[in-house]
Amino acid sequence: MTVIRKALAVGAATVTTAAALALSAAGGAQAANPCWRSGSVWYCNNATGAKVYAGANTGSEIGRMYSNPSWFVCKFDGGQNHGGPHPHRWVYTQADNGKWGWMSDNDISSETDPLPSC
């Protein structure tokens with residue numbers, strides 16, 4: 001009888017551990033950390049080398065963003081659909097070459113909801 005109880009206890013512990021790990025993994029998929037404000041701009045984590053475009057609805061690349069994190073001024077919800085969690089969102093910034101333009105929200109890993117609207 002003792003052997004059966006030990007086997008049941010080990011089995012129950014294994015199931016409990018597996019369930020806890022599954023819940024932990026599911027709970028680990030949290031929302032991205034938000035962008036943060038510093039002075040008059042917002043800093044967000046972004047993809048290094050992300051393209052910056054002349055407009056939210058044009059494919060004309062004007063520069064790249066090699067810094068990470070980078071700073072942004074505002075967001076625009078209404079641009080060309082490019083998929084992702086905010087499929088119409090673009091953010092206004094200054095590319096590393098000094099030209100002003102728009103970066104796709106898909107190239108930003110921080111949550112851009114806190115940015116003000118343009």
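Visitor: Is glycine 79 buried or exposed, and where does glycine 79 lie?

Guide: A residue is called buried when its relative accessible area is under 20%, exposed when that area is over 50%, and partly exposed in between, with a 1.4 Å probe and protein chains only. Glycine 79 has 6% relative accessibility, so glycine 79 counts as buried, and its place is in the loop between strand 6 and strand 7. This is a predicted model, in which local features need pLDDT of at least 70 and side-chain atom pairs count only at pLDDT 80 or more, while totals for chains, interfaces and linings use all residues. Residues are numbered from 1 along each chain as its sequence is written, and side-chain values use heavy atoms, with hydrogens and water left out.

Visitor: Which residues does glycine 79 touch, not counting residues up to four places away in sequence?

Guide: A contact means heavy atoms within 4.5 Å. On that basis, and with residues up to four places away in sequence set aside, glycine 79 touches Ala56, Asn57, His88 and Trp90. The C-alpha atoms of glycine 79 and glycine 55, which are 24 residues apart along the chain, are separated by 8.5 Å. For the chain, 50% of the contacts with a separation of 6 or more come from residues 24 or more positions apart.

Visitor: How many helices and strands does the chain have?

Guide: Helices (H or I, at least four residues) and strands (E, at least two) are DSSP runs, numbered from the N terminus. The chain has one helix and eight strands, and along the sequence they follow the pattern α-β-β-β-β-β-β-β-β.

Visitor: What is the order of the strands in the open sheet?

Guide: Strands of a sheet pair through backbone hydrogen bonds, either parallel or antiparallel. Two strands are taken as paired if DSSP finds at least two bridges between them. Here an open sheet of three strands has the order 1-2-5, with antiparallel pairing. Strand 1 (36-38) and strand 5 (70-72) are at the edges with a single partner strand each, so one side of each has no neighbour in the sheet. Strand 1 is joined to strand 2 (residues 41-44) by three bridges, and arginine 37 stands opposite tryptophan 42 in strand 2.

Visitor: Which residues have the most contacts inside the largest nonpolar core?

Guide: In soluble globular proteins, nonpolar side chains tend to be buried together. A nonpolar core is defined as a set of buried Ala, Val, Leu, Ile, Met, Phe, Trp, Tyr and Cys residues joined through side-chain atoms within 4.5 Å. The largest one in this model has 13 residues, and those with the most contacts inside it are Cys44, Val52, Phe72, Val91, Met103, Ile108 and Leu115. Strand 2, strand 3 (50-53) and strand 4 (61-65) each supply at least two residues of this core. Leaving aside neighbours within four places in sequence, valine 91 is in contact with residues including Phe72, Met103, Ile108, Thr112 and Leu115.

Visitor: Why does threonine 112 count as buried, and which residues does threonine 112 touch?

Guide: Threonine 112, in the segment after strand 8 (100-104), counts as buried because its relative accessibility is 1%. Beyond residues up to four places away in sequence, threonine 112 touches Cys35, Lys75, His86, Arg89, Val91 and Asp105. Histidine 86, from the loop between strand 6 (74-77) and strand 7 (89-94), also counts as buried, at 15% relative accessibility. The C-alpha atoms of histidine 86 and aspartate 105 are separated by 6.7 Å.

Visitor: Which peptide bond is cis?

Guide: Most peptide bonds are trans. In this model the bond from asparagine 68 to proline 69 is cis, with omega near 5 degrees, and proline 69 lies in the loop between strand 4 and strand 5.

Visitor: Where is confidence lowest in the chain, and where is it highest?

Guide: The predictor's confidence in each residue is given as pLDDT, from 0 to 100. Confidence is lowest in helix 1 (residues 2-27), at a mean of 37, and highest in strand 2, at 98. Over residues 1-30 the pLDDT is below 50, and this stretch has zero contacts in the model beyond near neighbours in sequence. The mean pLDDT of the chain is 79, with 74% of its residues reaching 70 or more.
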